Amino acid sequence: MATNNNPEGGTSGEVPAPSRAEELSSSGVLSPATPGRPGGKIRTHHLQLAKRNGERFAMLTAYEQYSAEIFDQAGIEVLLVGDSASNNVFGNENSLPVTVDELLPLSRAVARAAKRALVVADLPFGSYEVSAAQAVATGVRFLKEGLAHAVKIEGGSFFTETVRAMVQAGIPVMAHIGFTPQSEHALGGYRVQGRGDDADRLIQDAVALAEAGAFCVLMEMVPAEAAAAVDAAISVPTVGIGAGNGTTGQVLVWPDMAGLRGGRMARFVKQYADIRTALSDAAKAYGDEVRSGQFPGPEHTF
Ligand code: KIV
């Protein structure tokens, strides 16, 4: 067995028993005030301990340095370098066209900016489905070149062997089930998954993926009741987007959450700011001042 040089103890693929400090902590596993973890990095096992403690955590997408820094300092526990960069950074219609080579530098920027958050990178469509070996090779690139701490893949129990191989290779894996945007065409568009009898399949998928070693299961666009049943069926934490309030954590795409993106929002999005209007107003004011000769003023001039 390999020796563990990690001073925090534990390995990324397993859930170490909580230390006495963690057991005794009344401020919460994820709180910067927790004894033994003052302001320290969030690791996969902290999310697992959080679930055991009945704590929830927040996750947001991030695609570059400033948003990553802001969200990290705001206490967001998990940053996702989502393949939603495809339609939020690169101007595509959906997540399908984005490539490994496009996502790697984004992952690197987010990981460099985040001092506390766990950074999870999406493996893009086509980069892990062919074989477990392909998934391991791509996952290694995201940890090595993208500096990510974990990766996320979309798909159900079909991917259990893939998850097992990745975890054995030292790559922490978050599984994404329910509506999986990379399968938009196969699923017939953006549709709620796991309704009625399909809820059982969702639970079976989550159980199989957790048993294979996934440290967390993300569910997108599934009925709240089904998502809560999944959360109850597995010991690892769950994250929801459009999956109700019964998951361990929640995730939103940041340009939706902060109102940077225009247009119609999905029902599950709550907009906490209107960055688009703030930015537009700033750009208009700057343009007006340049055209009128008001900027630069004496105070901006050498
Ligand atoms: O890429 C992404 O933004 C995602 C979220 C929808 C969870 O996978």
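The report below takes the ligand first, then the pockets, then the backbone.

## Basis

This is a predicted model, in which local features need pLDDT of at least 70, side-chain atom pairs count only at pLDDT 80 or more, and totals for chains, interfaces and linings use all residues. Residues are numbered from 1 along each chain as its sequence is written, and side-chain values use heavy atoms, with hydrogens and water left out.

## Ligand shell

The ligand has 13 residues around it, and Gly82, Asp83, Ser84, Asp122 and Lys152 come nearest. A residue counts as near if one of its heavy atoms lies within 4 Å of the molecule. The shell holds five nonpolar, four polar and four charged residues. In this grouping Ala, Val, Leu, Ile, Met, Phe, Trp, Tyr, Cys and Pro are nonpolar, Asp, Glu, Lys and Arg are charged, and the others, Gly among them, are polar.

For Ser84 the distance is 2.5 Å. For Asp83 it is 2.9 Å, from an N or O atom. For Asp122 it is 3.0 Å, again from an N or O atom. The protein covers 95% of the 260 Å² of accessible area that the ligand has on its own (Shrake-Rupley method, 1.4 Å probe).

## Largest pocket

The ligand takes the space of the largest pocket. A molecule sits in a pocket if more than half of its atoms lie within 2 Å of the pocket's grid points. A pocket is an open set of points on a 1 Å grid over the protein atoms alone, where a 1.4 Å probe fits, with protein on both sides within 12 Å along at least five of seven lines; lining residues have an atom within 4 Å of a point.

The volume is about 680 Å³, taken as the space filled by probe spheres set on the points. The lining has 32 residues, with Asn87, Tyr190, Glu220, Val253 and Asp256 nearest the centre. Helix H4 (85-88) and strands E4 (150-154), E6 (216-220) and E8 (249-252) each give two or more residues to this lining. It divides into 13 nonpolar, nine polar and 10 charged residues.

## Second largest pocket

This pocket holds about 350 Å³ of space. Its lining has 18 residues, and Ile241, Gly242, Ala243, Gly244 and Phe268 lie nearest its centre. E8 gives the most, with three residues. The lining counts 12 nonpolar, three polar and three charged residues.

## Backbone

The peptide bond from Phe295 to Pro296 is cis, with omega near 0 degrees. Pro296 lies in the segment after helix H12 (275-292). Helices (H or I, at least four residues) and strands (E, at least two) are DSSP runs, numbered from the N terminus.

Leu147 has a positive phi, near 60 degrees, and is not a glycine. Leu147 sits in the loop between helix H6 (132-144) and E4.

Methods:
Polar contact = N/O pair within 3.5 Å; in protein donor to acceptor, adjacent residues only side chain to side chain.
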